[in-house]
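Good morning, colleagues. Please look at the sequence and the structure on the screen while I go through the contacts between its parts.

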Amino acid sequence: MTDVKNMENAVEFKRHNPKILKGNFAAAEAAKLCKAGFIPAYPITPQTTIVEELSRKVATGEMDATYVNMDSEHSVFAAAMGAAMAGERVFTATSGQGLFYAHEVLHAIAHFRLPMVVCNVGRPSIPWNIWADQTDSLAQRDTGWIQIYTETSQEVLDTIIQGYIITETLDIPVMVVLDAFYLSHTSENVWVPEQSLVDEFLPPKQKKGVEIDGYHPKAIGGLIPPEEYETFEYAWWKDALKVEDLVNTVGKQFGEKFGRNYQAVEAININEKTEMVFVTTSTITTTVRGILNLHPEIGILKIRLMKPFPKKSVLEALKPLSDNALIVNIERNFLGGKEGALMQEMKRALYGERYFKMYDIYAGMGGKDVSPITIENMIDKVRSNPDEIIWIDFE
């Protein structure tokens, strides 16, 4: 971490300190600012420097938290679950195989309605690979966690702060996802808010009376009979419907406090003259932004809230488009089926509402670079009226 006295061409944010941070260090800084009180940890590339930096902060007294080295990611999330049941503000991080290994506990945390924020630094599984890919987190879409994908180190830090408001409001856990190496290990200018500013936005965690209490023992996790089970799922479903609006509200409130606005989606250059819209997540969005000056006919729909998918925001963002516009989903994931996750979610969101010709492009999996030339190739390929599913720069 390096202090920066001057950030040329940067917007100045009051009550912030400019630093140069890698995405992983921005995540650790955010956990400290949010005063996470319990951090179970197990190393796995490429997230390891998050928990290493948190270990240093706790060991040096920079951060007041209980830090526990666990023996696996399954144990990490089991410990996180127990601490959240006791009312602690919990943070941890994982990646790839670690997230897959924790799959069973991810369900338990979500269905116990336990608030916490976790970072996943995205990478694939087999064939063995540690570079950028979103297959690990997207394979966990149905565990019940809120998933938010980030484009910059600044957005990583800011999203973790917002994540604690969201998770502690709805008691649904939040997973903040960043791309391996392109974000986790790349240094960027980051404005780090002062502790007092974060404290004004994020109050100390309040207990709700359902936590473990040694003086008033209670049973948690008992067998639920058929006539009661749906009661829990219905209550969760009602709260899940609130996520999109809450993400937008918290993002707006964050903007008013910190000067940086966030929403469930970001619409860029989408209007009645836009001919083609790239649907993107995370760092590939930045690459597509870079070619817009050469292609004023191109727009971007950046998906920030991936789960639950923000249908209302997507429809509103695409409202200006003509029916002849093309939708192009860029997939940095492979889930074993015909289509990637973005194509599936976009089809569900638009079903019965709008019809656009839609393409799905697999690109950048396993860390393969998606350069501006690759984006240009995508534009040329889509204009040649290809098959619906495309593997770009592969043949």
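How many residues of domain 1 are in contact with domain 2? The answer is that 30 residues of domain 1 touch 31 residues of domain 2, where contact means heavy atoms within 4.5 Å. Before I go on, please note that this is a predicted model, in which local features need pLDDT of at least 70 and side-chain atom pairs count only at pLDDT 80 or more, while totals for chains, interfaces and linings use all residues. Residues are numbered from 1 along each chain as its sequence is written, and side-chain values use heavy atoms, with hydrogens and water left out.

The domain assignment gives domain 1 as 16-258 and domain 2 as 265-391; such bounds come from an automatic or database assignment. The centres of the two domains, taken over C-alpha atoms, are 27 Å apart.

Let me turn to the interface. The size of an interface is often given as the accessible area lost when the parts come together. Here domain 1 and domain 2 bury about 2,500 Å² between them, with 45% of it on carbon and sulfur atoms; this buried area is the accessible area, for a 1.4 Å probe, that two parts lose on being put together, summed over both. On the side of domain 1, the residues that lose the most area to domain 2 are R141, E151 and E244, together 30% of what that side buries.

Next, the salt bridges. The term means a side-chain nitrogen of Lys or Arg within 4 Å of a carboxyl oxygen of Asp or Glu. The search of the whole structure finds 34 of them, and 8 are found across the interface of domain 1 and domain 2.

Which elements give two or more residues to the side of domain 1 that touches domain 2? They are α6 (135-138), β7 (146-149), α7 (153-170) and α10 (243-258), where helices (H or I, at least four residues) and strands (E, at least two) are DSSP runs numbered from the N terminus. Helix α10 gives the most, with 5 residues.

E151 and R289 meet in a salt bridge at 2.9 Å, N to O. This pair links the loop between β7 and α7, where E151 lies, to helix α11, which holds R289, 138 residues apart. E151 is buried, at 6% relative accessible area, whereas R289 is partly exposed, at 29%; buried means under 20%, exposed over 50%, and partly exposed in between, for a 1.4 Å probe and protein chains only.

In the second pair, E155 forms a salt bridge with K302 at 2.8 Å between the closest N and O atoms. E155 belongs to helix α7 and K302 to strand β12, 147 residues apart. E155 is buried, with a relative accessible area of 2%, and K302 is buried as well, with 4%.

E200 is partly exposed at 45%, and K257 is partly exposed at 33%.

Finally, the backbone. The peptide bond from T45 to P46 is cis, with omega near 10°, and P46 sits in the loop between β3 and α2. The bond from I126 to P127 is also cis, with omega near 0°.
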